[in-house]
Structures are given as structure tokens and as C-alpha cells.
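Subject: Structure handover

Hello,

Here is the structure I said I would pass on. Please look it over, and then read the notes below it.

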Amino acid sequence: MINAKDFYDKALEVIESSVMLEREAIVEVASRMGECIRRNGVIQLFGVGHGRAFAMELGYRAGGLMPFHQFLVRDLALRNVISEREYLSTDFLDHVEYAQMLYDLYHIEKEDLFIIISESGCEGLVVEVARLVKSKGHGVVAVISKEASQKNDSRHVTGEKLIDLADLVIDTHSHYPDTLFSVDKYHINQMSTILGNVIAQMLTAETYRYLRDLGIECPVLMSANVKGADVHNRKLSDQYLGRWNS
């Protein structure tokens, strides 16, 4: 039988192993993020499934950096591009035609960098978004579990996976299926979201270091509870009007 301490101890072990294995990749991706910000680009985040937590971890957070924008598939329904029934369909992520529709919803500029987060990177829509943005000249970073990618078949007509299209890859090293323990007849406790969020915050720290080493003031958001934060944050966000909250 396991308990909370067992999970805590194992989680620390997995985090230490995973992020150290990806240390060089994290530093390299952070340098790409820093260059994107330096060129007045926006970092576009597209997460599916639990990968949405990674996007939320970076998108407009106090103590985080300003120029992030989340691709939200629900926007297709909210803006009446597709119906609620289509959005709630169980095969939503197999509809590759939604990629162009999603891209067209937002103000994307050539300097923008894409970070795409998916456990396996095998969903048809995920692959199509990667194909589309690469065709338009954007850099693509994949945050995936290589184990999950290897153990799943592509659901895109080309047979490609996100890992095949990415310029840079960060492997979360989460297992497939995403469980830590076997108890009785069950497999319990997940790590992919925890690993993703730790990696997201490491990217923030490394991007900050990269920019400061270049002598560039970093666009760090302040907590709304801090006096003057509203003025400070608005000054940062106004530089990206129509691009980050579109």
C-alpha cells in the first residue's frame, strides 16, 4: 500500500531525473524564447489535453513574462466558427481542417514562436497545426513524452507526428500510460502535468537569464496585489495589443 509520502518521494525522484536529462534542451529552447521576445515576437502556446496546463502556467501569470498567447480550441466555438456540437465531439482532435481556422482567429506575426504541448504529439490537429505554422516560417518547439509518442500511432493522414516536425523537443520523460504506482489491480498517480509545469517555470527562469545577460529589461508581470501593478502590467501588455488577448 502507498501513501502521500511515497508519492512525494517518487515525484521528487522523477522530477530530478527528468529535468536534468532535459537541461540542455530547456536552455536551448529558452534562448529561442528570448530571441523571440527580443525581436518583439509573441510566443504562441498550443496545448491539448493536460498540455493545456503547461500553456496556462506560462500565459499571463504574475511573476511570469508578458508576451505569451494561448491558442484555445474552444475559441472556435465561442466565435461561432464551428458549432458547440462539433467542439464537444469526441473526435475533435482528429479534424485537421480546424488548424487553419484556429490560426486565422488570431493576429500572428512572422517573429512569433510556437510551443506545442501534447503527451504523444500524435493527434491529427496537433500535427496539422505544426505543419501549418512551419509552412509559414515559424519555429516549432514540441513538449512531449517521447515514450508516449513512440507507443502511439499518428492520427494524421501523412503518418507524421509532432516530434517529426519540431525544430526543438523537450521530453517530459513521463511514462505511458501516465501513472507511477501499481496498487491492487489499479495504476494510480500521474506525473505529466507536474513535469510540464516544472519545465514551464524552468523556461521562464532561463529566458529571464538569457535576456538579462544581453542587458535587456525583461517584461515581467507583477501580481495584481502589488501597488502599481495595474499600471506596470498595462504598460507591458499595451505593446502587444491584439496579439496576446485576441
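The notes below cover the sheet, the aromatic pairs and the salt bridges, in that order. Please keep in mind that this is a predicted model.

The sheet

Five strands form an open sheet in the order β2-β1-β3-β4-β5, and their pairing is parallel. The edges are taken by β2 and by β5 (168-171), each of which pairs on one side only. From one strand to the next, the twist averages 20°. Strand β4 covers residues 139-144, and five bridges join this strand to β3, the two running parallel. On the β4 side, V143 stands opposite I117.

Aromatic pairs

There are seven aromatic pairs in the structure. In one of them, the ring centres of F71 and F114 are 5.4 Å apart and the planes stand at 80°, so this pair counts as edge-to-face. F71 belongs to strand β2 (residues 68-71) and F114 to strand β3 (residues 113-117), so the contact ties together parts that are 43 residues apart in sequence. Both of these phenylalanines are buried.

Y103 sits in helix α6 (residues 98-105) and F114 in strand β3, so here the parts tied together are 11 residues apart in sequence. Like F114, Y103 is buried. F71, Y103 and F114 also belong to one aromatic cluster, together with F46 and Y106.

Salt bridges

The structure holds 16 salt bridges. Three of them are described here.

The side chains of R23 and E206 meet in a salt bridge at 2.8 Å, N to O. This pair links distant parts of the chain, with R23 in helix α2 (residues 23-38) and E206 in helix α10 (residues 192-213), 183 residues apart. E206 has a relative accessible area of 8%, so it is buried.

R243 and D112 form another salt bridge through their side chains, at 3.0 Å, N to O. R243 lies in the segment after α11 (229-237) and D112 in the loop between α6 and β3; the pair links distant parts of the chain, 131 residues apart. Both ends are on the inside of the cut-off, as R243 is buried and so is D112.

E160 is in the loop between α8 (146-151) and α9 (162-165), while R131 is in helix α7 (residues 124-135), so the bridge ties together parts that are 29 residues apart in sequence. E160 counts as partly exposed, at 22% relative accessibility. R131 also counts as partly exposed, at 33%.

Salt bridges that share partners bring R23, E206, R209 and D213 into one network. The R23 and E206 bridge described above joins helix α2 to helix α10.

Regards

How values were computed. Residues numbered from 1 in each chain as written. Predicted model: local features only at pLDDT ≥ 70, side-chain atom pairs only at ≥ 80, totals over all residues. Heavy atoms only, no water. Phe/Tyr/Trp six-rings, centres within 6.5 Å; stacked < 30°, edge-to-face > 60°. Helix = DSSP H or I, 4+ residues; strand = E, 2+ residues; numbered from the N terminus. Buried < 20%, exposed > 50% of the residue type's maximum accessible area, 1.4 Å probe, protein only. Pairing = 2+ DSSP bridges. Axes fitted to C-alpha atoms, helices over the stretch in contact; angles between N-to-C directions. Salt bridge = Lys/Arg side-chain N within 4 Å of Asp/Glu carboxyl O.
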